[in-house]
Amino acid sequence: MNEMLLEVKDVSKDFGGLRAIDHLDFQIREGEIFSIIGPNGSGKTTLFNVITGFHPVTKGKVIFQGEDITNLKPFTIARKGITRTFQLTTVFTGETTLDNLIVGHRLRIKAGLWGTVMGSRYTRSEEKRCREKAEEVLEFIGLTRLKNVTAGNLPQEAQKRLSIGLALTTDPRLLLLDEPTGGVNFKETSGLISLIEKIRDQKITICLIEHKMKVAMDLPDRVLVLNYGRKITEGVPMDVSKDQRVIEAYLGKNYNA
Amino acid sequence: MSLFIQQVLNGIMLGSVYSLVALGLTLEYGILHIPNFAHGVLYMAGAYVTFLLATAVGLNFWLAMLIAMIVLGLIGILIERLVYRPLMLESHLSSFIAAIGLIFIFVDGALNIFGPDFKRFPPTHTQAFHILGVTITLQRIIIIGVTVILIVLLHLFIKKTIMGATIEATAQDREGAQLMGINVKRVRMIVFALGSALAAAAAALIAPIHLVHPGMGGPVILKAFVIIILGGMGSMPGAIIGGFIMGLVESLSGGYISTSYNEVFAFGVLVIVLTIRPTGLFGAK
Amino acid sequence: MAGKLFSFKNLIILLLLIFAFTIPCWVTSRFILHIVIMCCIWAMAATSMNLMMGYTGQINLAHGAFFGIGAYSAGLLILKVGMNFWPALILACIITVFVGLIIGLPALRTRGSYFAIGTMCFNVIVTVIIDSWEDLTEGARGLLGIPRPAPISLPFGMEITFTSMPAMYYLVLTSLLLTIWIIYRIVHSMLGRTFIAIKGNEELSESLGISAMRTKLLSFLISTFFAGWAGVLYASYIGFLSPEISDYHVTFELLIFCMIGGLGTMVGPLIGAIILTIISELLHGIAIPRMVAYGFLLVIITIFLPGGITGGIKMLWLRWNRKGEQ
């Protein structure tokens, strides 16, 4: 049994009168691909926001590698090893692909003011490390030939790859991908699936939110199903896909499988 | 005690002026989603137009104010069309900077045309009344009265007319409004006309009491910003309540503390509030 | 090809440096030298403003206040405390950064429009305080008689004195060059990339482990440091201070320099400051309302040429290159 990497413990999140997440309990194990599915509005992205500190919890705890990270600021959580992507593809649109990636590794270096101005050897070697990491990730995500293109001009699929690459440059232990294959066609989806599997092979734990059934069910080791912010069920894809409650959640009570 | 009442009445009068200016500003913010930095010059221009009409043309106060409101409404439409519309899709910084350009044009234009001296409005409505041991001139009562009327009219317009509902819809969701077939461009135009007219009204009302000079928009617009930030940018009740609070705070602190520091006091309050709630007292997001 | 381009740029810079350093040799008119000195002072202030606005993307409208704080700190330390210019310069810069910290910490909790208005309010507050606290600052009467920097002793009994204009010019030029060099190094480093990331997308930066607050604060403090330094030079050169030099008009003028020159480039604020200072000093006597012209210029540039002069040149350069390829 793999070690528990992330634990979401009885987490609830309210927005004014609306309960977006309701007493949610689940765990993500080290090295697995974990996916979260559920109808629109079931709280999936809110969950990511809560885990990564973009929204504070109303109740409950988030524990990462045994440490309580509840309500920490997003940049602190990133430094602890959790990085996320955004549902609406988010990259630095004004910068080139390579420049995008270089800044991603910034959190692992010091970039002090004195060293920067004086051009100290330490600072220069740190900058070199960021560049090397960027080139490495560029190769990994397969965008080497697009390295000098302004990110805003990249096609959608390349932008998706870049946003995943950005997250990878932070050297995360847990990668949260919010709809990584949103808005790309069938062939591109397969390409992204391969990329995700490659990431898993690098010993990075992945948690993804997905709508496309192929990605959401074929790819992961375990699946969590949400509806109205509540856990419907959790388990291996095979079991989950046969669960009556899941079918009801997606298709309504009157559907007979 | 009578000093206190005098200051309170003064505060309400000041508050009336601030409310009208802040209302215009908050309406414009609701549609533009950027504060119209140049709102202060519309105020100042309103004062000068009223002044010109009253002195050079010799119109009576009410007519002068009305015409000034119309003129400023037209100027507001021009500004929206020529400056803010082209920058609609650009960053906020661009609109800010363009507004600063407008400020230079209007303020220094006024300086050059009218000169830097403080112009005195002809004595208007100077009959004095004695209530509760204090003296108050008719003009001050008029300020408060007209403000109340304008606020009520505005409220009725927004809540009871179709155009008003259109404005509210566009303020909440520009794209949704467009999908509903609302002509967003026309809405922006009308809102700017309204906002400018309100600023002109405020300036015209206070002109007989305060002096008219090119820089008069500055302190007023800064206070209007403080008001709408505290009251919530885009919130009409926030602008009204905030305006009166600002007027009272300024009047009372000016009466009991020194006047030169009362601006500092108001901004100090703003800074404290923003530190605790970075999006204003009633602001969302 | 790339090697040639590299040394071409350096050659231009070298020529400009030689030009700048030899100006006092072939400029005899005091008036022109005065303009040149003022250009340098404003260029320093504009370059530092550009760090926060052009590279970190935050609309800081309190910059003029820090210029004024630097100027008044030095003026007061020299005149009322009897300090020598050189330690006063350092202390004034430290004071400016300290005030920057006090203002920055609350102000940077806000964003966008709120930040702009908040900083503008701070600017006004600072001017009002300088104007009203007459016991300290002499208020509207102004602070008079600030001396030029004290002479620096050199070996063999020689001295560098700063009573002459050329000497002041070299001091100001050296400060400007140092400012440019330091900010250039910052901007072209990982730290600079961090600033640019914040400008690009704050949320994304946070998710990548960059603390928006700390980054913005650092950029803010660096820019106030150089603003203060420029203010000290102004105080010592002109010798006279009034509360207007911390006014929001100063902030707006610096803003115009950056915009017209080109925001977000190293060269932009320099071009803007130099061209506009020259124009405004030359047009001083003429009846053309300077600020009205500035205003129109600003509106037109914002709408039609948002990249300023630098942006315009880049566009022409690209078009020229494209024609060459055809």
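**Reading the contacts of chain A**

Mentor: Between the two chains, 27 residues of chain A and 19 residues of chain C form the contact. This is a predicted model, where local features need pLDDT of at least 70, side-chain atom pairs count only at pLDDT 80 or more, and totals for chains, interfaces and linings use all residues. Residues are numbered from 1 along each chain as its sequence is written, while chains are lettered from A and ligands numbered from 1 in the order in which they are written.

Trainee: Which elements give two or more residues to the side of chain A that touches chain C?

Mentor: Two residues are in contact if their C-beta atoms, placed from the backbone, lie within 7 Å. Helices (H or I, at least four residues) and strands (E, at least two) are DSSP runs, numbered from the N terminus. Here the elements are α2 (74-80), β6 (82-84), α3 (97-104), α4 (113-118) and α5 (121-140) of chain A. The largest share, 4 residues, comes from α2(A).

Trainee: What domains does the assignment of chain A give?

Mentor: Domain bounds come from an automatic or database domain assignment. For chain A, domain 1 covers 4-91 + 158-251 and domain 2 covers 95-153. Their C-alpha centres lie 27 Å apart.

Trainee: How many residues does each domain of chain A bring to their contact?

Mentor: Domain 1 of chain A brings 15 residues and domain 2 of chain A brings 17 residues. On the side of domain 1, α2 and α6 (156-169) of chain A each give two or more residues. There α6(A) gives the most, with 9 residues.
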